[in-house]
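Here are some friendly notes to read alongside the structure. Keep the model open and look for each residue as you go.

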Amino acid sequence: MPATCTFGIEEEYLLVDLASGQVQARPSKAVARCCREALGGHFAEEMFCSQIELVSPVLGNLHQARSFFGEHRQRLNRALAEHGLGLYGAASHPSAQWRRQQPRSSGHYRQLFDDYQAVARRSLLSGLHVHVGVPAGCDRMQLINRVLYWLPLFLLLSTSSPLWSGEVTGYRSYRRVICGEWPYMGLPEALPDWNAYLRYRALLQRTAALDAKGDFWWALRPSRRYPTVELRICDACPRLEDGLAIAGLFRHLVEHELQPHAGSRSMTRELRWVTQENYWRACRYGRQGTFIGVHQEQPVTAAGWLAQLEALLPAACVDAERSFTHAARIIAEGTSAERQLAAFEQARTQGFDLRGAMRAVVGQVLEDAWH
């Protein structure tokens, strides 16, 4: 049986006005205070004053995760409702005016906006991050290389950013397109082991590209603060069960790859090309894409790709079994991206103008949070 790894989940949300559906660009001090009081030590600031993060404790199973996020989402929504606000849990808001957003004033974020300018100001985006703890002595770069091929599958399960700045983008995850404007935010660098990672980091620090506490924001990275590997590729998931299934699958994959002779494929140059191609297809088409499967001779659907993952690592526990089952349901029924697009098209068919259709999308995402 695979060793059991602890894990943690971080969810990002935007604060929206329940009457207008618009992002609350400059929340009052009372709103900020109510968020802190509702979440306590699990509250974290994000780049913009209109955005917050909910950070879980170290978790042992998905039941604990479900209880924690179910309770804290409800607690925060109740507190915000007193101010006429709600939690917007998708990766992008359909019509938010990013130019009007107020950056956080802390030194870290001031430096970030100063360094990256318009790229930072455009990044009004929310993600789902999953940390999985690894044993001491584990070479985290080698582990990342062993699981890298599957990253686009996790993205397609989470896609929730098809609309941006009042437009239908044609992408299921436009968030990841914007992420591509940042340095160190795509797929991890092709580093064979931990020593190569340290040399790469040291080079950037010597050349003033990265300070001593600087971070990489790769789609999958070794955390600088914790003994974990952190999945960062995923869009935020309005439906809690979708995010839990993704976390459960990622944890199961890491546990499998930590075992000796796990049977995974080495990250060759060709496999990295395949991963990059699948990444683009997941951004563009989501679950409706056709992907390059593990055998590379034949293309696979999203459902077929998930089946290949399940064949590689059969469910060894209830959490893994339920995660595979729910992931299959996501692929069969659709992600938040499809539900948003359906709400938009339905509103337009009913005669709503563009603004009204975008408001219908916001309502659909807010409703999804209670699903």
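1. In which strand is Thr 228 found? Thr 228 is found in strand E9, which covers residues 228–235. Helices (H or I, at least four residues) and strands (E, at least two) are DSSP runs, numbered from the N terminus. Before going on, please note that this is a predicted model, in which local features need pLDDT of at least 70 and side-chain atom pairs count only at pLDDT 80 or more, while totals for chains, interfaces and linings use all residues. Residues are numbered from 1 along each chain as its sequence is written, and side-chain values use heavy atoms, with hydrogens and water left out.

2. Let us stay with Thr 228. With a relative accessible area of 9%, Thr 228 is buried; buried means under 20% relative accessible area, exposed over 50%, and partly exposed in between (1.4 Å probe, protein chains only). The side chains of Thr 228 and His 131 are joined by a polar contact of 2.8 Å. A polar contact is a pair of N or O atoms within 3.5 Å; within protein, one must be able to donate a hydrogen and the other to accept it, and residues adjacent in sequence count only if both atoms are side-chain atoms. If neighbours within four places in sequence are left aside, the residues in contact with Thr 228 are His 131, Val 132, Gly 133, Arg 140, Arg 221, Pro 222 and Ser 223. Here, contact means heavy atoms within 4.5 Å.

3. Next, have a look at helix H2, residues 62–81. The buried residues of H2 are Leu 62, Ala 65, Phe 68, Phe 69, His 72, Arg 73, Leu 76, Asn 77, Ala 79 and Leu 80. They cover an arc of only 160° around the axis, so they sit on the same side of H2; the arc is that of the directions from the helix axis to the C-beta atoms.

4. What lies around H2? Among the elements that cover its buried residues are strand E1 (7–17), helix H1 (29–39), strand E3 (51–55) and helix H11 (318–333). On the face of H2 turned away from the buried side, you will find the exposed residues His 63 and Arg 78. At the start of H2, a side-chain oxygen of Asn 61 comes to within 3.1 Å of the backbone nitrogen of His 63.

5. Because 4 of its 5 residues are buried, E3 is largely enclosed by the rest of the structure. E3 pairs with E1 in the antiparallel sense over 5 bridges, and Gln 51 in E3 is the bridge partner of Leu 14. Two strands pair if DSSP finds at least two bridges between them. Strand E2 (residues 43–45) also pairs with E3 in the antiparallel sense, over 3 bridges, with Leu 54 in E3 as the bridge partner of Phe 43. A hairpin through 5 residues joins E2 to E3.

6. How many disulfides does the structure hold? It holds 0 disulfides, a disulfide being a pair of cysteine sulfur atoms within 2.5 Å. Cys 237 is in no disulfide, and the nearest cysteine sulfur, that of Cys 234, is 6.6 Å away. Cys 237 counts as buried because its relative accessibility is 7%. For Cys 317, the closest cysteine sulfur is in Cys 5, 11 Å away, which is too far for a bond. Cys 317 is partly exposed, with a relative accessible area of 36%.

7. Two backbone angles are worth checking. Most residues other than glycine have a negative phi. Gln 117, in helix H3 (residues 107–121), has a positive phi near 50°, and at 39% relative accessibility Gln 117 counts as partly exposed. Ala 208 has a positive phi near 65°. Ala 208 is in the loop between helix H7 (194–206) and strand E8 (220–222), and counts as exposed at 69% relative accessibility.
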